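Me: I'd like to learn how to read ring pairs and helix packing in a model. Could you walk me through them?

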Amino acid sequence: MDFLPLFFDLRQSTALVFGDTVAASRKIDVLLKAHCRCYSIAPTCNEPGLKALEDNDLFHHLDVVTDELWDNAQLVVAASGDSTLDEQISEKAKLRKLPINVVNRADLSSFIFPSIIDRSPLIAAVSSSGELPILTRLMRSRLESSIPHAFGRLATIASKYRDQVKTSLKGINARRRFWEKHLEGQFADLVFSGREKDAEDLLTSAIASINSGEITNDGEVYLVGAGPGDPDLLTFKALRLIRQADVVLYDRLVSEPILKLVRQDAELINVGKERANHLVPQESINDLLVRHAKAGKRVLRLKGGDPFIFGRGGEEIESLAEEGISFQVVPGITAASGCSAYSGIPLTHRDYSQSVRFITGHLKNNSCDLPWAEFVQPNQTLVFYMGLIGLPVISQSLIKHGMAESTPIALISKGTTREQRVVTGTLSTIVSLVEAAKLQAPTLIIIGEVVNLREKLNWKSEA
């Protein structure tokens, strides 16, 4: 992170803005909106500046800057359009240890102006660290379109009732649930539609009925599927619950970009498992879920893929149900769907496969107690989860039970992520190909004629 986003109160501050360019006028406009006193330092005063002189007591124009003004300044902006002059201004500001922004020169700047989404009192800022302003504008455009213009009014009205809610609800978890319910519910809808009085009546009524027992300090568990790795594959509900959680128990298959979506003040607990190394036994995971929920926490159980497909999610909700703990289950895109789509291999196809079968390839003690004969069927796709170590057993067992050695097979490593690699071959060649490629877990195995569609579709291999 090259620049740390901070929000400063500039109401008692003085800014020096050098230049009478369009860029200088834009910076002055932003600073004046923040109630900062601005001195435009330029030989001439442009049209926006002349208007500001008439309309805003905080704006001043000088053709030269004095040492006294330098001494009283809190920040500096160089937007003269003259690269040599801007460099000199930057050097002088840094010698005085003043924050300096040189327009379009992040290398000369100690701070940069972000692109701002203003829903006062709520403010959002977006920046590309000065590298690609067009990308910043695109991001701002997306945020602008997704944040209602009345969002600021929502915050202003809700803040009027903050103390009442705090007095009526003693537990922080109960207060948080109260606000989540209303800030994402009918109260918000009424504000957004301009019916502010109705919205306040609704909130007043809700506060008055708090003692009905509807809102409690009891905890809840969210069993959420994080998908195969790409954070863009999360469902909207999964993303909302991820951001609400107080405690997060996550598996090793949950990607780093997804973990970064968790609230910074949430407690993160790694309960990941890998072959022959269970960091936290399943029974202990169940106990952690119960203990934190009973402490009134909102507990997120974040699992790679889908929690109900080889994720032991059923075992975990059994323990929660036995303890009478409220829970929600949010399905995720399972690895078979995500990895096949990202590698160009459809799991079914009218000409090649009319069924698909999901199988765990995590073979205990190298055993092969699976119904191999059932797997050897025409027009069927087999998908093995966790099968990298057991690949020799899987391929040999299928051949032994009658599957052709030439049957296409693909291994997908770290699917849907930037590190995705795909190796394709046949049952007779795949083991040596994978050993040569040195694929790493997690991997997914797809077996069947549909694998050949990857080449037909001209899908590029990452291996």
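**Ring pairs and a helix pair**

Reply: Gladly! Searching the whole structure turns up nine aromatic pairs, where rings of Phe, Tyr and Trp (its six-membered ring) pair if their centres lie within 6.5 Å. This is a predicted model, so local features need pLDDT of at least 70 and side-chain atom pairs count only at pLDDT 80 or more, while totals for chains, interfaces and linings use all residues. Residues are numbered from 1 along each chain as its sequence is written, and side-chain values use heavy atoms, with hydrogens and water left out.

Me: What are the geometry and class of the pair Phe310 and Tyr385?

Reply: Planes under 30 degrees apart count as stacked, over 60 as edge-to-face and the rest as tilted. For Phe310 and Tyr385 the ring centres are 5.0 Å apart and the planes stand at 65 degrees, so this pair is edge-to-face. It links distant parts of the chain, 75 residues apart: Phe310 sits in the loop between β13 (298–303) and α14 (313–322), and Tyr385 in strand β16 (residues 380–385). Helices (H or I, at least four residues) and strands (E, at least two) are DSSP runs, numbered from the N terminus. Ring pairs also join Phe310, Phe358 and Tyr385 into a cluster.

Me: Is Tyr385 buried or exposed?

Reply: Buried means under 20% relative accessible area, exposed over 50%, partly exposed in between (1.4 Å probe, protein chains only). Tyr385, at 8%, is buried, whereas Phe310, at 38%, is partly exposed.

Me: What about Phe375 and Phe384?

Reply: Their ring centres are 6.1 Å apart with planes at 85 degrees, so this pair is edge-to-face. Phe375 is buried at 2% relative accessibility, and Phe384 is buried at 0%.

Me: Now the helices: at what angle do α17 and α18 pack?

Reply: Two packed helices are described by the angle between their axes and the distance between the axes. Axes are lines fitted to C-alpha atoms, for helices over the stretch in contact, and angles run from 0 to 180 degrees between N-to-C directions. Here α17 (residues 391–400) and α18 (residues 430–437) pack at about 165 degrees, with axes 10 Å apart. That makes α17 roughly antiparallel to α18 (angles under 35 degrees count as roughly parallel, over 145 as roughly antiparallel, 65 to 115 as roughly perpendicular and the rest as oblique).

Me: Which residues make the contact?

Reply: Contact means heavy atoms within 4.5 Å. Leu391, Pro392 and Ser395 of α17 meet Ile430, Val431 and Val434 of α18.
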